[in-house]
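Student: I would like to go through a protein structure with you. Could we take it one question at a time?

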Amino acid sequence: TLERWEKILLYLNKRGAYSSMIRKDCEYLFGCPNCDISLSVHNNPKHLMCHLFTHKYHIPDKCPKCRGTRLSSIGIGTQQIEEILKNYFTDKNIFRFDSDSVRNISSKKQALSQLETADIIIGTKMITTGFDFEKIGCIGIMLVEGELGYQSFNAEEKAYSNLKQIIGRWNRKSQETTIILQTFIPKNPVIQRLTENNFRDFFLETLAERKEFWYPPYNDMVTLEYRHKDSQKAVAYTKKLESLLKSFDANTKYHFLRGSSAFKKNNLYHSVLIIKGENVRDLLKEIESTILRESSLSVIFQ
């Protein structure tokens with residue numbers, strides 16, 4: 001592609017240099033003290049970051065669990081891809097486009113000119129909207145399965161839509177563009193339908209699955225999320241809420257799914273109750289005063 005003086009776009013929806021940091025000997029994973037997620041490793045300057053709230057932390061000299069000093073960075077990120085490519089293609093203009101390199105309006109304007117002159121562009125989801133380049137000869141999507149790892153009933157739909165947008169955005173030009181999907185699970189149905197350009201079967205299979213498990217569009221799906229500094233109190237609240245709502249469900253029209261534990265996010269514990277069924281709004285009217293009064297309770301319609 002480069003020999004034809006065409007551009008290469010490499011997509012990886014994971015910014016940073018590495019996915020996480022561990023201490024192999026004691027199997028300690030460096031996590032965010034405010035949230036229940038691992039910290040990503042970033043370079044220039046080197047630090048750990050929580051991608052939920054962009055909190056930054058210095059990289060410690062020792063493991064807090066075993067006090068060992070041999071710490072390992074694992075996984076992959078856009079910064080690491082950039083460093084590797086610069087070693088391989090020393091004479092090429094390589095530009096990384098993510099929220100670490102483009103942080104404000106002025107840097108975004110500067111990025112536009114850099115994108116025009118770049119030979120290789122490395123980007124996260126930011127690159128998929130609002131940008132149009134000429135002479136994209138190759139699009140490489142790295143670790144496709146990373147798009148499928150979200151805990152949501154419509155994760156596959158979002159992944160298919162996002163990947164299709166990346167492929168279609170530059171492949172619709174009157175030029176041939178090579179598309180390369182890198183994956184460890186090539187037989188995954190979403191990846192199969194994507195490579196076959198078979199939206200019809202993907203659509204029908206997704207609808208059949210949603211109907212079987214009471215998901216939209218066949219039923220309403222509402223998430224009640226309660227936040228508290230105490231994890232036990234957070235869980236107790238949603239448990240009480242579930243019992244109250246079930247008392248109004250005499251005909252068992254609804255499905256209730258409640259987590260047995262709360263997850264930590266920005267120093268608060270979140271406990272979730274999911275309700276599926278027809279016209280869930282009618283059920284929620286029974287507790288309308290509670291919803292309006294309780295500021296720590298969120299109601300999310302899917």
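Student: Which helix does Ile-84 lie in?
Tutor: The model is predicted, so local features need pLDDT of at least 70 and side-chain atom pairs count only at pLDDT 80 or more, while totals for chains, interfaces and linings use all residues. Residues are numbered from 1 along each chain as its sequence is written, and side-chain values use heavy atoms, with hydrogens and water left out. Helices are DSSP runs of H or I with at least four residues, strands are runs of E with at least two, and both are numbered from the N terminus. The run at residues 78-88 holds Ile-84, and this helix is α1.

Student: Is Ile-84 buried or exposed, or in between?
Tutor: Buried means under 20% relative accessible area and exposed over 50%, with partly exposed in between (1.4 Å probe, protein chains only). Ile-84 has a relative accessible area of 36%, so the residue is partly exposed.

Student: How many disulfides does the structure hold?
Tutor: A disulfide is a pair of cysteine sulfur atoms within 2.5 Å. The sulfur of Cys-26 has its closest cysteine sulfur in Cys-66, at 3.6 Å, which is too far for a bond. Cys-66 is in no disulfide either. The number of disulfides is zero.

Student: Is Cys-26 buried or exposed?
Tutor: The relative accessible area of Cys-26 is 16%. Cys-66, by contrast, is partly exposed at 33%. With its 16%, Cys-26 is buried.

Student: Why is the pair of Tyr-160 and Phe-199 called tilted?
Tutor: Rings of Phe, Tyr and Trp (its six-membered ring) pair if their centres lie within 6.5 Å; planes under 30 degrees apart count as stacked, over 60 as edge-to-face and the rest as tilted. Tyr-160 and Phe-199 have ring centres 5.9 Å apart.

Student: Is Tyr-160 buried or exposed?
Tutor: Phe-199 counts as partly exposed, at 46% relative accessibility. Tyr-160 has 4%, so Tyr-160 counts as buried.

Student: What is the angle between the planes of Tyr-226 and Tyr-237?
Tutor: Tyr-226 is in strand β12 (residues 220-228) and Tyr-237 in helix α6 (residues 231-247). Their ring centres are 3.9 Å apart and the pair is stacked. The angle between the planes is 15°.
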